[in-house]
Amino acid sequence: PPQLRSPQPPLTFTVSPPSTKMKTAAICLTLVGAAAAFAPIPTKSVSTQLSLGLDDIGGSSAPLPNFDPLNLANIGSDETLLWMRGAELKHGRVAMIATTGYLFNAAGFHFPGMLSSDISFESLSTMTPPDAWAAVPVAGKAQILTTIFIAELVTEGYQGTHYMKGGDYPTMVFPPIDFSGVSEATMAKKRTSELNNGRLAQIAIMSFISAHYIPGSVPALANNHAF
């Protein structure tokens with residue numbers, strides 16, 4: 001008789017757990033992908049090394065060379081140096097106007113008419129400039145400061161390329177003067193003269209104010225009723 005085969009045991013498959021090394025690699029890849037999603041976009045580094053110096057922007061004249069004992073010209077970038085020159089130019093122009101006005105008032109000259117309904121220019125001329133400013137009504141001071149603010153906006157943002165980006169320095173001359181027929185050498189001399197006059201005017205107006213608030217601080221102006 002035929003022999004019956006005994007039944008074979010069922011096949012079984014054993015899946016071994018992933019090794020520790022594979023787990024670590026998978027986790028690292030996941031973290032790298034997540035970090036890359038939030039990484040900042042690389043940007044080109046901008047060098048702040050100065051390529052301009054005081055000799056490149058003018059302003060010095062014989063017999064005095066450039067005077068910068070605090071080495072301020074090397075602070076920041078080229079734009080910083082150009083901004084400082086623009087600030088010096090503006091302060092010099094304002095100081096020249098202030099000095100002229102101070103001396104104009106000290107000499108006894110004044111505008112005709114009334115500043116306001118109860119204050120005349122003649123009454124202001126009898127005061128020192130700081131006292132005259134204090135006597136100006138609030139509305140008058142607001143108008144003056146608003147005019148200055150508008151002039152600052154016009155010269156800083158609405159004259160084409162900004163001077164910090166290579167454009168011309170601001171001008172506030174009414175009516176504007178045409179210098180197109182003036183040679184570059186003459187213009188350089190005029191620019192230097194303007195800077196030097198502005199520097200002297202800044203010293204002058206600071207002396208006038210010091211003499212007013214600190215009697216005797218400026219011997220040349222002592223006992224002068226205008227200061």
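Glu88 and Arg199 form a salt bridge, with their closest N and O atoms 2.6 Å apart. A salt bridge here means a side-chain nitrogen of Lys or Arg within 4 Å of a carboxyl oxygen of Asp or Glu. The pair links distant parts of the chain, 111 residues apart. Glu88 sits in helix H3 (residues 78-106) and Arg199 in helix H7 (residues 184-213). Helices (H or I, at least four residues) and strands (E, at least two) are DSSP runs, numbered from the N terminus.

This is a predicted model, in which local features need pLDDT of at least 70 and side-chain atom pairs count only at pLDDT 80 or more, while totals for chains, interfaces and linings use all residues. Residues are numbered from 1 along each chain as its sequence is written, and side-chain values use heavy atoms, with hydrogens and water left out.

How exposed are the two partners? Glu88 counts as partly exposed because its relative accessibility is 24%. Arg199 is also partly exposed, at 27%. The cut-offs are under 20% relative accessible area for buried, over 50% for exposed, and partly exposed in between (1.4 Å probe, protein chains only).

Now step back to the whole chain. The protein chain has seven helices and zero strands. From the N terminus on, its elements run α-α-α-α-α-α-α. Buried residues make up 19% of its 227 residues. Residues 24 or more positions apart account for 58% of them.

Return to the salt bridges. The structure holds five. Glu194 pairs with Arg93, the closest N and O atoms being 2.7 Å apart. This pair again links distant parts of the chain, with Glu194 in helix H7 and Arg93 in helix H3, 101 residues apart. Glu194 is partly exposed, with a relative accessible area of 27%. Arg93 is partly exposed too, at 24%.

Another salt bridge joins Arg191 and Glu184, with 3.3 Å between the closest N and O atoms. Arg191 counts as partly exposed at 41% relative accessibility. Glu184, at 56%, counts as exposed. Salt bridges that share partners also build a network, and its members are Arg85, Glu88 and Arg199.

Helix H7 deserves a walk along its length. Its 30 residues should span 44 Å at 1.5 Å a residue, and its end C-alpha atoms are 44 Å apart, so the two values agree. The expected span is 1.5 Å times one less than the number of residues. Which residues of H7 are buried? They are Met187, Thr192, Leu195, Gly198, Ala201, Ile205, Phe208, Ala211 and His212. These buried residues pack against H3 and helix H5 (129-135).

Look at one of them, Thr192, in helix H7. Thr192 counts as buried because its relative accessibility is 15%. Not counting residues up to four places away in sequence, Thr192 touches Gly59, Ser60 and Ser61.

On a 1 Å grid over the protein atoms alone, a pocket is an open set of points with protein on both sides within 12 Å along at least five of seven lines, and a cavity is a set of points where a 1.4 Å probe fits but cannot get out. Lining residues have an atom within 4 Å of a point. The second largest pocket holds about 720 Å³ of space. That volume is the space filled by probe spheres set on the points, which are joined across faces, edges and corners.

Its lining has 26 residues, and Asn66, Phe67, Asp68, Glu88 and Arg199 lie nearest the centre of the second largest pocket. The elements that give two or more residues to this lining are helix H2 (54-57), H3 and H7. H7 gives the largest share, five residues. By type, the lining of this pocket divides into 15 nonpolar, seven polar and four charged residues. Ala, Val, Leu, Ile, Met, Phe, Trp, Tyr, Cys and Pro count as nonpolar, Asp, Glu, Lys and Arg as charged, and the others, Gly among them, as polar.

Finish in a loop. His110 lies between H3 and helix H4 (121-125). Its relative accessible area is 35%, so His110 is partly exposed. Leaving aside neighbours within four places in sequence, His110 is in contact with Phe104, Phe121, Glu122 and Ser125. His110 and Ser120 are ten residues apart in sequence, and their C-alpha atoms are 9.7 Å apart in space.

Definitions and conventions. Contact means heavy atoms within 4.5 Å.
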